[in-house]
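Welcome! Please take a look at the structure below, and then we will walk through the surroundings of its ligand and its aromatic rings.

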Amino acid sequence: MCAEILSRFLGCTPGRGYPVRVILIGPRGSGKTTIGALLADTLGYRFFDTDAMVEAREGMSIPEIFAERGEPAFRLAESAAIKSLPLDSVVVATGGGAVISGSNVQALRTVSLTVFLDADATVLWARTQRSTRPPLTVLSPIEEITAIRNARLPLYRGAADLCIDTGVLSPAETVARILGFMEERRSGAVCNPFVAFLQQTRMSMNECEQIQKRLCGAKGMPLHGIFAVIGSPCLHSRSPELFTALFSACGVDGVYTRIDWPDISAIMDAVRAVGVKGLSVTIPFKTDGMQYCDEITADARAIGAVNTMVRCGDRWVGANTDWMGIRQPLAGILPGNAVVFGAGGAARAAVYALQDLGMEVTVLNRSLDGAQNLARSFGCEYGAFDSYNPEKTDVIVNATPVGMEGRGGSVLGPSDLRVHQTVFDLVYTPPGTILLKYARAAGCQCMQGTEMFVYQAQEQMRLFTGIDVDADLIREILG
Ligand code: NAP
């Protein structure tokens with residue numbers, strides 16, 4: 001059923017060429033209901049409003065549901081309404097908080113084009129002044145609108161195939177913009193110059209041909225767009241294999257490729273021209289990538305690197321999920337004293353993650369200058385390797401390449417480790433390093449570098465698509 005519907009959108013049925021469902025997401029006051037009704041009318045589709053569906057189902061208004069049963073009951077009813085939507089020719093306006101749930105987003109995106117309608121907080125406030133909806137916080141209305149919109153922005157951006165500022169367009173202009181985007185996706189007209197660029201990179205001709213078939217064939221461009229890892233070198237990256245499998249598991253109709261090229265400026269020109277949705281950023285572009293972002297998240301700014309870029313409209317948002325990859329595996333550990341070996345990019349992410357977990361961090365590095373610079377940025381202690389004191393260290397993170405395949409070695413010996421310690425070796429080839437062998441023998445809690453990759457990818461998937469995937473699914477794909 002889904003495949004048939006999808007193939008109809010992708011242009012297999014002559015004369016059609018529009019998606020089965022168009023889902024409108026965005027904050028209250030962004031125009032979802034007005035624009036949705038107009039779009040449905042234009043396309044000859046049925047129109048659904050999930051808030052109205054919840055009210056009809058529950059037999060009471062949304063303010064009454066909030067007052068009598070609370071927000072969790074409303075969210076449950078909203079999820080049920082979303083799951084009951086037909087996989088048919090419909091336009092759907094969703095409630096502002098529908099994107100909070102990753103499973104809602106996954107259900108909404110099935111065979112659908114998702115459009116994020118946004119507007120400045122003052123425009124949203126002016127449009128919702130006469131609303132009877134209950135406040136969700138104790139803030140003033142304008143403060144609440146601003147705070148909720150900002151908190152949900154990464155979710156809206158991740159879930160969206162198209163982002164439109166309705167503050168500067170009339171409803172008719174917004175509808176025209178959506179129809180124009182559908183036509184662009186259907187025709188795939190913008191993809192040939194992108195494939196020509198890929199042919200200049202270090203991608204094999206065979207792989208280029210496969211990408212060309214997916215992007216420029218008779219079926220038009222993938223519904224949910226193009227994603228890529230960019231770096232030099234990055235042909236060894238496992239991200240294309242991982243995200244291709246995740247997209248397939250979650251019903252995301254996207255192509256994830258790799259761009260191995262030394263010139264980030266040429267890469268950004270090519271990805272802009274074809275409207276790439278998301279980039280995984282690797283060496284050597286994690287710092288340089290920041291200058292191509294219109295907005296950088298606070299964590300990425302503090303760390304001084306982006307490993308993720310997401311496009312929404314004309315804007316690129318830079319984020320950092322590396323630190324989440326270090327924070328998540330350590331999240332259950334009581335705050336204590338942590339030592340980070342190394343002072344490079346991975347060490348910066350580690351210090352940020354450990355401080356976020358409330359740890360007192362000391363940076364130990366081969367060159368003292370590097371340790372001092374990092375310590376100055378984060379207000380922590382620093383020193384040389386020989387200032388390590390096992391009795392005063394609860395958590396150890398190795399953020400140097402020591403222990404990597406071919407190099408061997410360990411930053412610490414067997415006598416440096418204690419049973420109360422947790423050791424996280426960020427080196428992931430091999431997964432079981434000499435440091436972890438010593439740590440296991442000493443009775444320490446051990447974490448492998450592959451876990452950092454798993455959790456940073458989980459967060460990246462959320463930023464790229466708005467969908468939550470289980471860490472076990474990622475582990476399974478990586479094998
Ligand atoms: P980087 O920016 O090049 O920094 C390397 C750091 O390691 C520097 O502080 C350097 O010290 C130190 N170092 C290099 N060789 C050393 C040696 N022989 N002995 C002692 N210290 C040495 O690299 P990075 O991006 O931070 O990555 C560091 C490591 O983290 C990588 O090699 C990789 O294994 C791991 N990593 C893992 C993941 C993952 O997903 N698991 C992700 C990223 C990185 P100086 O300042 O003295 O040169």
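In this predicted model, the ligand is surrounded by 20 residues, and the closest are Ala343, Ala346, Asn365, Leu426 and Gly449.

**Around the ligand**

- Start with the backbone: an N or O atom of the Ala343 backbone lies 2.7 Å from an oxygen atom of the ligand.
- For Ala346, a backbone N or O atom is 2.8 Å from an oxygen atom of the ligand.
- Leu426 has a backbone N or O atom 2.9 Å from a nitrogen atom of the ligand.
- On its own the ligand has 930 Å² of accessible area, and the protein covers 71% of that.
- The shell around the ligand is made up of 12 nonpolar, 7 polar and 1 charged residues.
- Helices α17 and α20 (449-465) each supply at least two shell residues, and α20 gives the largest share, 3 residues.

**Aromatic pairs**

- Phe116 and Tyr156 are stacked, at 4.8 Å centre to centre with 20° between the planes.
- Phe116 sits in strand β4 (residues 112-118) and Tyr156 in helix α8 (residues 141-159), so this pair ties together parts that are 40 residues apart in sequence.
- Both Phe116 and Tyr156 are buried.
- The ring planes of Trp323 and Tyr352 are at 80°, so this pair is edge-to-face; the ring centres are 4.8 Å apart.
- Trp323 belongs to helix α16 (residues 322-330) and Tyr352 to helix α17 (residues 345-356), so the pair links parts 29 residues apart in sequence.
- Trp323 has a relative accessible area of 8% and is buried.
- Ring pairs also join Phe227, Phe243, Phe247, Tyr256 and Phe464 into a cluster.

Notes
Residues numbered from 1 in each chain as written. Predicted model: local features only at pLDDT ≥ 70, side-chain atom pairs only at ≥ 80, totals over all residues. Heavy atoms only, no water. Phe/Tyr/Trp six-rings, centres within 6.5 Å; stacked < 30°, edge-to-face > 60°. Helix = DSSP H or I, 4+ residues; strand = E, 2+ residues; numbered from the N terminus. Buried < 20%, exposed > 50% of the residue type's maximum accessible area, 1.4 Å probe, protein only. Near = heavy atom within 4 Å. Polar contact = N/O pair within 3.5 Å; in protein donor to acceptor, adjacent residues only side chain to side chain. Areas by Shrake-Rupley, 256 points an atom, 1.4 Å probe, with all protein chains shown as cover. Nonpolar A, V, L, I, M, F, W, Y, C, P; charged D, E, K, R; others polar.
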